[in-house]
Amino acid sequence: MACASCSTKDGSPKGCKNNGTCGTDSCNKLTVFDWLANMSLPNGEKPFNWVEVRYKNGRKEYYKNTENLTLSIGDIVATQAKSGHDIGMVTLTGELVRVQMKRKNISENPEEVLKIYRKASQKDIDIWSAARDKEEPMKVRARQFAIDLKLQMKISDIEFQGDASKATFYYTAEERVDFRELIKVFAREFRTRIEMKQVGFRQEAARLGGIGSCGRELCCSTWLTDFRSVSTSAARYQQLSLNPQKLAGQCGKLKCCLNYELDTYLDALKSFPKNDTKLYTQKGTAVCQKTDIFKGHLWYAYEGEWMNWHKITTDQANEIIELNKQKKKVASLEEYALEILEEDTKEVFENVVGQDSLTRFDSPKGNNKRKNNRRKGNQGNKKPSNAKGASNNKNTAPNKNQNSQKPNPNNQSQGGQGQNKRRKNNRKKPQNNNNAAK
């Protein structure tokens with residue numbers, strides 16, 4: 001949901017100019033809608049004194065409002081940190097904070113309570129904005145230092161603390177990395193306290209964001225908060241091709257969306273026999289070649305006749321398996337396959353809007369031949385006042401009154417005017433027409 005400050009003017013977007021964070025808290029990642037904002041508390045109930053505060057790239061923490069400050073969504077506050085203070089934005093207040101803390105297993109009475117000091121002053125905001133401006137060029141230099149030291153790691157993001165006293169470097173690595181020498185280089189070059197924090201590849205994609213192969217924003221950067229393990233068996237159950245380029249997301253791991261419909265496929269596959277189960281018939285042993293989960297069909301082929309597939313339903317396959325368990329064999333699979341062929345009917349769909357020809361909105365072209373024939377007939381019926389002048393001036397438009405007159409077929413006169421009519425209708429001999437007119 002975009003706010004009014006992001007609307008375009010003169011073809012260019014305005015934006016809220018808030019250096020990467022939305023000033024109205026409408027365009028951020030993992031935003032929670034406060035649907036209890038317009039509801040008042042019952043009599044005698046005190047408002048919940050915990051507040052949700054968001055930092056860079058969707059990182060959220062929960063603080064106790066011990067000073068009883070009047071806070072609302074979008075306020076910038078100074079919060080407690082291990083050393084110094086941090087600057088963040090309030091994203092949620094009230095009873096929904098209690099629900100979020102319960103969902104994330106955060107205790108309401110911890111041993112060490114993080115507090116909110118005050119609302120951020122203009123000086124705090126200026127220091128915070130100046131520190132945020134240093135992060136991008138600092139990241140480029142930090143990556144170059146890691147390459148010079150030949151460390152197998154990737155520095156994905158840098159986050160300054162609100163008071164600019166500490167910088168946290170987020171990195172990803174396949175194996176354990178000894179970055180003690182790298183920290184010394186960072187401290188000497190950047191003149192600040194350094195903290196290194198390793199994140200997974202999925203967490204890195206969630207922090208940076210992006211557009212997935214589906215054309216929408218990444219799930220991990222918009223609404224997905226827990227990262228469940230995804231295995232190749234999820235693709236096998238859904239009968240997807242095991243192509244790592246198509247199954248992998250921006251993080252390089254298997255896509256999280258492979259787990260979304262996995263339970264539905266597993267429930268549907270309970271009625272299907274196993275693919276390695278063979279069907280024993282009097283004609284031969286049949287092996288499963290293909291399954292259609294949506295329609296509930298299976299294709300079997302006899303051993304030695306791999307090119308001929310026979311389609312049967314799951315109920316028929318289970319029936320044959322039960323007979324095989326009783327040491328009985330059916331005659332052949334063709335008996336079951338013929339029943340399906342009789343039941344299958346071709347559905348004929350009529351063209352609807354969007355399936356017609358691409359040129360259905362073009363203006364229809366008329367019959368040019370008929371128009372040309374009419375023009376020829378009209379020119380042949382014309383009666384020139386001066387035969388010589390009419391033969392020389394061929395581009396003169398005919399008179400409408402003369403065009404409406406029909407030629408008399410009974411006119412057998414051999415005069416110059418009758419011969420002139422017949423010769424003028426004959427377009428192949430324009431010279432003879434001129435001579436006759438003379």
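**Exercise 1. State in which strand His 310 is placed, and whether His 310 is buried or exposed.**

Solution. Step 1: His 310 lies in strand E14, residues 309–313. Helices (H or I, at least four residues) and strands (E, at least two) are DSSP runs, numbered from the N terminus. The model is a predicted one, in which local features need pLDDT of at least 70 and side-chain atom pairs count only at pLDDT 80 or more, while totals for chains, interfaces and linings use all residues. Residues are numbered from 1 along each chain as its sequence is written, and side-chain values use heavy atoms, with hydrogens and water left out.

Step 1: the relative accessible area of His 310 is 12%, so His 310 is buried. Buried means under 20% relative accessible area, exposed over 50%, and partly exposed in between (1.4 Å probe, protein chains only).

Step 2: neighbours within four places in sequence left aside, the contacts of His 310 are Leu 298, Trp 299, Tyr 300, Tyr 302, Leu 333, Glu 334 and Ala 337. Contact means heavy atoms within 4.5 Å.

**Exercise 2. Describe the hairpin of E3 and E4.**

Solution. Step 1: E3 (residues 50–54) pairs with E4 (residues 60–64) over five bridges in the antiparallel sense. Arg 54 is opposite Lys 60 in E4.

Step 1: five residues lie between the strands, and Asn 57 has a positive phi near 55°.

**Exercise 3. Characterise the packing of H2 against H3.**

Solution. Step 1: H2 and H3 (residues 180–190) pack at an angle of about 145°, and their axes are 10 Å apart.

Step 1: H2 contributes Met 138, Arg 141, Ala 142, Phe 145 and Ala 146 to the contact, and H3 contributes Leu 182, Val 185, Phe 186, Glu 189 and Phe 190.

Step 2: by class, the contact residues of H2 and H3 are eight nonpolar, no polar and two charged. Ala, Val, Leu, Ile, Met, Phe, Trp, Tyr, Cys and Pro count as nonpolar, Asp, Glu, Lys and Arg as charged, and the others, Gly among them, as polar.

**Exercise 4. Identify which residues touch the most other members in the largest nonpolar core, and which element supplies its largest share.**

Solution. Step 1: the core has 22 residues, of which Met 153, Ile 155, Phe 169, Leu 182, Phe 186 and Met 196 touch the most other members. A nonpolar core is a set of buried Ala, Val, Leu, Ile, Met, Phe, Trp, Tyr and Cys residues joined through side-chain atoms within 4.5 Å.

Step 1: at least two residues of this core come from each of H2, E8 (154–160), E9 (166–172), H3 and E10 (193–198). H2 supplies the largest share, five residues.

Step 2: residues up to four places away in sequence not counted, Met 196 touches Met 153, Phe 169, Tyr 171, Phe 179, Leu 182, Ile 183 and Phe 186.

Step 3: a second, separate core has 14 residues, including Tyr 300, Tyr 302, Ile 320 and Ile 321.

**Exercise 5. Give the order and pairing of the three-strand sheet.**

Solution. Step 1: the open sheet runs E8-E9-E10 with mixed pairing.

Step 1: E9 and E10 run parallel and share six bridges. The bridge partner of Tyr 171 in E10 is Gln 198.

Step 2: H2 packs on this sheet, touching E8 and E9, at about 150° to the direction of E8.

Conventions: Two strands pair if DSSP finds at least two bridges between them. Axes are lines fitted to C-alpha atoms, for helices over the stretch in contact, and angles run from 0 to 180 degrees between N-to-C directions.
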